[in-house]
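Hello,

Here is the structure for your files. My notes on it follow below.

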Amino acid sequence: MNCTDLLSQLGDYLDDQLSEDLRREVRSHTAECEHCRVVLNTTHQTIEVYKGKELYEVSPELRERLHDAIMAKCCKKK
Amino acid sequence: MPAIQSPGTEEIHPDVELVARAKEGDAAAFEQLVRQYERQIFRVAQHITQNREDAEDITQDAFLKAYEKLDQFQGNSKFSTWLVRIAVNESLMRLRKRKTSKTVSMDEDVQTEEGSIPRDFAEWRPNPEQLYNQSELGDILRRTIQGLPPGFRTVFTLRDIENLSTEETAEALGLSVPAVKSRLLRARLQLRERLSRYFAQKKEGKTA
């Protein structure tokens, strides 16, 4: 596996969708190639740092306002 | 209308019953669905449009559309995926209106060179969670994702922030699974590149 091959498998590797054979090839390439190792590690960290983060908080006030507005619009339609 | 389910094979999603009741005019069932998904729909709309007022309008419009079209919902996908799809379409339409001269679609801005080679090969140590407090980190993450083209931002939001599966993301965006995978990888690599600049700076600042 070379660097281009690794890049094409990177998404599936990060999503745990690769066969065991391909995973092994990825690991043996990154053991020798520092650039790919760094790309793989920091891309993994990128996903982890964003995972499930509520970057836009919905305050209780906003939620109530939204909820009431939605229900008012929908009920009016009935 | 009787739901056809082969007995005992698959677990039925609790939304299926709520949707069936809502279709028959049960307002409480519909309200329960609103309660379950209003925050997620708002977050998705805000990520795509980057505008709070737009996100509020879109959330209301998306639920209204869902309510009006409930009869057309066939149950081939999850109700939540169907709802996200409506919200994504409304959000992209809003972006299109905002930049009157330019069209915005899932195809825009993503026609960059295939498989662009990553640059910036510095490791992140210590990890960002240890370098910044929660509110600083939140600012950085918001600013960074804001800089992505809308097509990439949307794919990344659904798949990696809101945790939809690749298949659900494809359904919500009207894209094929391979198209989602390819855009997602490029979105992830672009974000990585942008975040690397931040985290490398901080590290240099500390050791200097």
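At what angle do the axes of helix 3 and helix 4 of chain B cross? The model is predicted: local features need pLDDT of at least 70, side-chain atom pairs count only at pLDDT 80 or more, and totals for chains, interfaces and linings use all residues. Residues are numbered from 1 along each chain as its sequence is written, while chains are lettered from A and ligands numbered from 1 in the order in which they are written.

The axes of helix 3 (residues 52-68) and helix 4 (residues 79-98) of chain B cross at roughly 135° and come within 9 Å. Axes here are lines fitted to C-alpha atoms, for helices over the stretch in contact, with angles from 0 to 180 degrees between N-to-C directions. Helices are DSSP runs (H or I, at least four residues), numbered from the N terminus.

On the helix 3 side of chain B, the contact includes Ile58(B) and Ala62(B); on the helix 4 side, it includes Leu83(B) and Ile86(B). Contact means C-beta atoms, placed from the backbone, within 7 Å.

Between the chains, the contact takes 31 residues from chain A and 41 residues from chain B. Helix 3 of chain A gives the most to the side of chain A that touches chain B, with 11 residues.

On confidence, chain B averages a pLDDT of 86, and 82% of the residues score at least 70; pLDDT is the predictor's confidence in each residue, from 0 to 100. The model scores ipTM 0.92 and pTM 0.87.

Regards

Note on methods:
Helix = DSSP H or I, 4+ residues; strand = E, 2+ residues; numbered from the N terminus. Contact = placed C-beta atoms within 7 Å.
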